[in-house]
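User: Please walk me through this model in plain talk. Start with the ground rules and how the hand of a crossing is set.

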Amino acid sequence: VPDRVSSKAFLKGWKRRNEDDRAFPHIPLCFSDSFLLFTADDSALSFSALDSFVRQFIVSLVLHEIPVRGAMSYGYLYANAENGLYFGQALVESASVGEAQDWVGFALCKTVVDQLDVVGLSANKHLNYASWPIPFKLQQKDQCRGPIDLPAFIIGAGPSEQGQKNCRNALSTMRNGTPPEVQRKYENTLAFLVGNVRNSSA
């Protein structure tokens with residue numbers, strides 16, 4: 001991963017700041033160029049803790065001009081840190097949806113949307129997200145179950161528009177000089193961000 005030290009440094013800093021946070025006790029795990037994050041339960045508090053971290057992590061990577069894509073899912077996950085074993089439907093869903101996206105972005109899977117309704121945190125009320133036709137790679141589109149329209153993170157959304165502007169500038173810089181087939185993923189992201197300029201609470 002380009003500038004992998006930057007992402008590692010961010011993770012170490014997060015761990016130090018949140019080592020006593022019971023809502024989110026599991027440190028992010030790194031597998032090659034992928035990160036796995038999960039919570040101990042399916043409460044509203046755990047979602048908020050995970051969501052807050054993911055949004056900060058994505059913005060940090062984008063501002064360091066490191067492209068990233070991913071997805072959050074809800075469901076069963078077997079986690080055995082001692083033996084390095086992680087499997088379950090939640091992992092399969094997040095990995096398949098995350099890898100299939102043809103942009104720099106982060107989406108909430110349908111399973112998360114449904115669970116948020118259960119715990120009283122409707123995805124439609126989160127100002128950091130907007131429903132959007134998620135662009136999928138053509139060769140992987142059929143592998144993604146569920147709707148194509150999903151809540152996607154508005155990268156850089158915050159108290160002012162400057163955060164989004166900084167992220168758009170970083171994405172534009174990353175796009176420049178790349179082949180046309182690679183530029184498409186940045187164009188997809190920029191179209192989403194330009195279409196969802198807003199102020200929100202981080």
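Analyst: A crossing is left-handed if the near helix is turned anticlockwise from the far one by less than a right angle, and right-handed if clockwise. This is a predicted model, where local features need pLDDT of at least 70 and side-chain atom pairs need 80 or more, while totals for chains, interfaces and linings use all residues. Residues are numbered from 1 along each chain as its sequence is written, and side-chain values use heavy atoms, leaving out hydrogens and water.

User: In what order do the elements of the chain run from the N terminus on?
Analyst: The chain has six helices and eight strands. Those are DSSP runs numbered from the N terminus (helices: H or I, at least four residues; strands: E, at least two). Going from the N terminus, the order is α-β-β-α-β-β-β-α-β-α-β-β-α-α.

User: What share of the residues in the chain is buried?
Analyst: Here buried means under 20% relative accessible area, exposed over 50%, and partly exposed in between (1.4 Å probe, protein chains only). Out of 202 residues in the chain, the buried share comes to 44%.

User: Among contacts between residues at least 6 apart in sequence, what share joins residues at least 24 apart?
Analyst: A contact is a pair with heavy atoms within 4.5 Å. Taking the chain's contacts between residues at least 6 apart, the share that links residues at least 24 apart is 66%.

User: At what angle do H2 and H5 pack, and how is that classed: parallel, antiparallel, perpendicular or oblique?
Analyst: Axes are lines fitted to C-alpha atoms (for helices, over the stretch in contact), with angles from 0 to 180 degrees between N-to-C directions. Helix H2 (residues 44-63) and helix H5 (residues 162-175) have axes 9 Å apart and pack at about 50 degrees. Under 35 degrees counts as roughly parallel, over 145 as roughly antiparallel, 65 to 115 as roughly perpendicular, and the rest as oblique. So at about 50 degrees, H2 is to H5 oblique.

User: And which way does H2 pass H5, left-handed or right-handed? What classes of residue make the contact?
Analyst: H2 passes H5 in a left-handed crossing. Val59, Val62 and Leu63 of H2 make the contact with Asn166, Cys167, Ala170, Leu171 and Met174 of H5. Nonpolar covers Ala, Val, Leu, Ile, Met, Phe, Trp, Tyr, Cys and Pro, charged covers Asp, Glu, Lys and Arg, and the others, Gly among them, are polar.

User: How do H5 and H6 lie, and how do the residues of their contact divide?
Analyst: The axes of H5 and H6 come within 9 Å and cross at roughly 165 degrees, which makes H5 roughly antiparallel to H6. H5 passes H6 in a left-handed crossing. On the H5 side are Gln164, Arg168, Leu171, Ser172, Met174 and Arg175, meeting Gln183, Tyr186, Glu187, Thr189, Leu190, Leu193 and Val194 of H6. The contact of H5 with H6 divides into six nonpolar, four polar and three charged.

User: How many salt bridges does a search of the whole structure find?
Analyst: Side chains of opposite charge can pair when their charged atoms come close. The test for a salt bridge is a side-chain nitrogen of Lys or Arg within 4 Å of a carboxyl oxygen of Asp or Glu. Searching the whole structure gives a count of five.

User: How many residues apart in sequence are the parts that Asp102 and Arg184 tie together?
Analyst: The two side chains meet in a salt bridge at 2.7 Å, N to O. Asp102 is buried at 9% relative accessibility, while Arg184 is partly exposed at 42%. Since Asp102 lies in the loop between helix H3 (89-100) and strand S6 (105-108) and Arg184 in helix H6 (residues 180-194), the parts tied together are apart by 82 residues.

User: Are Asp51 and Arg55 buried or exposed?
Analyst: Their side chains form a salt bridge (3.0 Å, N to O). They sit four residues apart in helix H2, so about one helical turn separates them. Both Asp51 and Arg55 are buried.

User: What is the N to O distance for Lys110 and Asp114?
Analyst: This pair is four residues apart in helix H4, so about one helical turn separates the two. Lys110 is partly exposed at 38%, and Asp114 is partly exposed at 35%. Their side chains meet in a salt bridge with an N to O distance of 2.8 Å.

User: What separates the C-alpha atoms of Tyr86 and Leu36?
Analyst: Tyr86 is in strand S5 (residues 85-87) and counts as buried at 17% relative accessibility. Setting aside neighbours within four places in sequence, its contacts include Leu29, Phe31, Leu36, Phe38 and Tyr78. Tyr86 and Leu36 are 50 residues apart along the chain, and their C-alpha atoms are separated by 9.4 Å.

User: Which residues does Ser122 touch, not counting those up to four places away in sequence?
Analyst: Ser122 is in the loop between helix H4 (110-118) and strand S7 (129-133). Its relative accessibility is 17%, so Ser122 counts as buried. Beyond those sequence neighbours, Ser122 touches Leu116 and Asp117.
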